[in-house]
Amino acid sequence: MALDPLVAGVPTPAITHDSTAYSTPLVSVAEDTTFFVRNMEFFYGDFHALTGVSLDIHGGAITALIGPSGCGKSTFLRCLNRMNDLIAGTKIEGSVLFGGADIYGSGVDPVDLRRRVGMIFQQPNPFPQSIYDNVAFGPRLQGIRKKSELDAIVEDSLKRANLWKEVKDILGRNGLAISGGQQQRLCIARVLAVEPDVLLMDEPCSAIDPTSVQKIEDLMAEIKDEVTTIIVTHNMQQAARVSDYTSFFLQEVAGEPAVLVESGKTNDIFTTPLDKRTEDYITGRFG
Amino acid sequence: MTPFTLRQADEQDQTLNPGMSPDLATTSPQHKKAELTLVSRTTQIKERALSLLFFLCAIVAVLGVVLIFAFVAVKAVPLFKDIGFLNFIAGTKWSVAQSKFGVVPFIVGSLVVTVGALAIGAPLAILTALFLSEVAGPRARAVIRPAVELLAGIPSVVYGFFGVTVIAPVVGRLFGGAGFGPLTAWIVLSIMIVPTIAMLSEDALDSIPMGIREASFAMGATQWQTIYKVVLPAAKIGIIDATILGMGRAIGETMAVLMIVGNAPQMFAGLTKPIATLTSQIVLGMGYASGDFQTALFGMAALLFIISMGLVLTVRLLSRSKREEGQGA
Ligand SMILES: Nc1ncnc2c1ncn2[C@@H]1O[C@H](COP(=O)(O)OP(=O)(O)OP(=O)(O)O)[C@@H](O)[C@H]1O
Ligand SMILES: [Mg+2]
């Protein structure tokens, strides 16, 4: 696999339990690596938000990003589908490879990237259109017009998002006229309808009811094989419950850039963290 | 209304009226325990007085509308007897000398002028609003928005003047004649209604939550797709409202139209042939009209009143249907 010259010779990332992933550093990207991030620096104008982030995201698995408020979890997540491009004055350095290709390389179309890397936000944000049109939005963008085909995609996506049973008789209702938890699952269905490779979820469960949280956690497990998921969460139990890998971010001094302190298998991070700061955070000593 | 309510701080009122609350407190002594502060009498009186004041202001506005309409209607009523309603509303000939008061030419004139101005002005205004709300950076916005607002503040006589001295000669040279007529009116009126429609449409666009734009981009939509498939449908009702209000402005516009439309009480016969509108004809006749002539003018005024009321009603109905849609079927 051809590698961006930028990547060659960069040091291995912060402490990791998962040494195999980096054992042949930077000659090739491991087979199951979806995102390969090296020495990422991120700036909002003059504000240096993230520094030296190096991380591999494993395909077909769920990765949780944890850390105190303001430590750059959302910022990092939004780098992965270039949503930060939409904020004026942002700057990114380092490399972010997706399936081996540099997503910030010249000529890369962020629009195409976002089709393959879907995103769910903290606040459910369905379009003020019917439930059906919400789910059919992405397929229609891709030029699918046939009613029967759209019907099938809508039904399948809603089923995968654990929402079909609740809305199958009200597909014409406005997407804003259902409960918050249902709206969030509608947003998930909308993303799944375009068959993304990756799902980025930024605190998807922090604004919704427990039943819906349960349903979302279930569906994450169900789609895990097809869709690599990265979830930001403040809920340690949730991270421990749903994820296979966990990364801990921390901004130690206000105004200074945040760093990725530690990454590894969720089980290891939660039982035998290598870094004192990780342990402190997980046991609730700060954040 | 309950005699007390939870308050954060009302010490000022309490100290000003030390005698007020104790008697209330004795009627319900248990509330001392709950640490609820009582509303002082002065606060109550102040609030009553204020709501009365607001009510009176509202009444004045309503009375004004009712009185004006009643006045116009009363003056127009002889129309049914003296001119004949059909002769008035369906008559195509207007001639004071022959006592013919058919207003169809003016209705058609108003319609032609309004529809044309909307056809040019509304797309211009909506695109301006889209540019300001969706595309422009802060710097472009800082220049363009005040310019659009300024456009709204220019008196219509200045627009008329601009039409007479700049647009009409150009139209005249291109199409022959003096250049006074519907085409000139379209051009000038469309510029006049741009600020109304653009500013209101921009409000409608700005009130759409940022989140749905973000969602659209995150779905891999381009900016154009986001505008076309998400933003515009979401703001549709607001933009239609804005357009209807712009239409009201175009129908009611008098001074500028009077200066450029040619003022010939004849049927629309071409884009550069002089015509007259309901408003311009009223102004022209107002100074000297009497008898049936005056009655006809009042009839036209009533007609204008009804048309704009219809427009306002349409806006109301639209925004109500939107609210219901938001709450779900
Ligand atoms: N658009 C922006 N412009 C400038 N600074 C920003 C912007 N968005 C975030 N920041 C700053 O970047 C830092 C990281 O923010 P980010 O939202 O990524 O944190 P987070 O870990 O997601 O926090 P939370 O858990 O509260 O969501 C914070 O200091 C924040 O103030
Ligand atoms: Mg965040």
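This is a predicted model: local features need pLDDT of at least 70, side-chain atom pairs count only at pLDDT 80 or more; totals for chains, interfaces and linings use all residues.
**Entry 1: the core**

I began with the largest nonpolar core, which has 143 residues. The residues with the most contacts inside this core are A:Val96, B:Val188 and B:Leu189.

Next I looked up B:Val188. What does B:Val188 contact, leaving aside its neighbours within four places in sequence? I noted B:Tyr159, B:Phe162, B:Gly163, B:Ile167, B:Ala256 and B:Ile260.

**Entry 2: chain A overall**

I checked the make-up of chain A. Its secondary structure comes to 10 helices and 10 strands. The chain has 287 residues, and 48% of them count as buried. I also looked at contacts in chain A with a separation of 6 or more. Residues 24 or more positions apart account for 71% of those.

**Entry 3: the open sheet**

I traced four strands of chain A that form an open sheet. The order is S2-S1-S4-S5, and the pairing is antiparallel. Why is one side of S2 and of S5 left without a neighbour in the sheet? S2 and S5 (101–102) stand at the edges with a single partner strand each, so one side of each has no neighbour there.

I followed the S5 end further. S4 of chain A covers residues 90–98, and two bridges pair S4(A) with S5(A) in the antiparallel sense. A:Phe98 stands opposite A:Ala101 in S5(A).

**Entry 4: ligand 1**

I listed what surrounds ligand 1. From A:Gly67 onward I noted A:Gly67, A:Ser69, A:Gly70, A:Cys71, A:Gly72, A:Lys73, A:Ser74 and A:Thr75, among others. The shell also includes A:Tyr44, A:Phe47, A:Ala49 and A:Ile87.

Strand S2 (47–58) and helix H1 (73–79) of chain A each give two or more residues to this shell. Which of the elements gives the largest share? H1(A) does, with three residues. By class, I recorded five nonpolar, six polar and one charged residues around ligand 1.

I moved on to S6 of chain A, residues 117–120. A:Val117 and A:Met119 point one way from this strand. A:Gly118 and A:Ile120 point the other way. Are these residues buried or exposed? All are buried.

S6(A) runs parallel to S7(A), residues 198–202, and four bridges join them. A:Met119 stands opposite A:Leu200 in S7(A).

**Entry 5: where the chains touch**

I looked up the contact between the two chains. 25 residues of chain A are in contact with 20 residues of chain B. On the chain A side, at least two residues each come from H2 (110–116), S6, H3 (131–141) and H6 (180–192). H2(A) gives the most to this side, with four residues. By class, I noted that the chain A side divides into 13 nonpolar, seven polar and five charged residues.

**Entry 6: domains of chain B**

Last, I took the domain assignment of chain B. It gives domain 1 (11–76) and domain 2 (85–327). I looked up how far apart their centres are, taken over C-alpha atoms: 42 Å. Five residues from domain 1 and six residues from domain 2 make the contact between them. The side of domain 1 that touches domain 2 has four nonpolar, no polar and one charged residues.

Terms used:
Residues are numbered from 1 along each chain as its sequence is written. Chains are lettered from A and ligands numbered from 1 in the order in which they are written. A residue is near a molecule or strand if its C-beta atom, placed from the backbone, lies within 6 Å of it. Ala, Val, Leu, Ile, Met, Phe, Trp, Tyr, Cys and Pro count as nonpolar, Asp, Glu, Lys and Arg as charged, and the others, Gly among them, as polar. Two strands pair if DSSP finds at least two bridges between them. A residue is buried if 20 or more other C-beta atoms lie within 10 Å of its own, exposed if 12 or fewer, and partly exposed in between; C-beta atoms are placed from the backbone. Domain bounds come from an automatic or database domain assignment. Two residues are in contact if their C-beta atoms, placed from the backbone, lie within 7 Å. A nonpolar core is a set of buried Ala, Val, Leu, Ile, Met, Phe, Trp, Tyr and Cys residues joined through C-beta atoms within 7 Å.
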